[in-house]
Amino acid sequence: MKSIGEKLKYIRKLNKLNQTEFSQIIGVSQGALSDLEKDKYKPSLETVIALRMKFDIDLYWFIFEDSLNKSTEIFSVLVDDFESEFISDLRKLTLKDKQELEGILNLKLKRYGCEI
């Protein structure tokens, strides 16, 4: 994926948002977002700033890079307050403790039939 429109759509899908939800978050109409994703025109500076503020995207990647790297270093997924606090607390743990929690999480996911 090379285009800004494709990257916009990727960010939206990664965050499991439909066009209406995503467009409200970044401050454009659903129709404008549809046109942006189809590369009919480029996003405004205000839209790019909203993407940076709301989704913490890497602006260099968004504007200049030709490839779509799925690395989590590129941008963040929108998280709620609970998830944000959980991640913050997780980062305070040792690697051994993190691995122990991962084991517990895998057990829970298996119990509820989720893919690991």
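On a 1 Å grid over the protein atoms alone, a pocket is an open set of points where a 1.4 Å probe fits, with protein on both sides within 12 Å along at least five of seven lines, and its lining residues have an atom within 4 Å of a point. This is a predicted model, in which local features need pLDDT of at least 70 and side-chain atom pairs count only at pLDDT 80 or more, while totals for linings use all residues. Residues are numbered from 1 along each chain, and side-chain values use heavy atoms, without hydrogens and water.

The second largest pocket has a volume of about 200 Å³, and its lining consists of Phe82, Glu83, Phe86, Leu90, Leu101, Glu102 and Leu105. Helix H6 (81-90) and helix H7 (95-111) each give two or more residues to this lining, with the largest share, 4 residues, coming from H6.

Aromatic rings pair if their centres lie within 6.5 Å, and planes under 30 degrees apart count as stacked, over 60 as edge-to-face and the rest as tilted.

| Pair | Centre to centre | Angle between planes | Class |
|---|---|---|---|
| Phe22 and Phe55 | 5.3 Å | 45° | tilted |
| Trp61 and Phe62 | 6.2 Å | 50° | tilted |

Because Phe22 lies in helix H2 (residues 19-26) and Phe55 in helix H4 (residues 45-55), their pair ties together parts that are 33 residues apart in sequence. Both Phe22 and Phe55 are buried, a term for under 20% relative accessible area with a 1.4 Å probe, and both Trp61 and Phe62 are buried as well.

Note on methods
Points joined across faces, edges and corners; volume = space filled by probe spheres on them. Phe/Tyr/Trp six-rings, centres within 6.5 Å; stacked < 30°, edge-to-face > 60°. Buried < 20%, exposed > 50% of the residue type's maximum accessible area, 1.4 Å probe, protein only.
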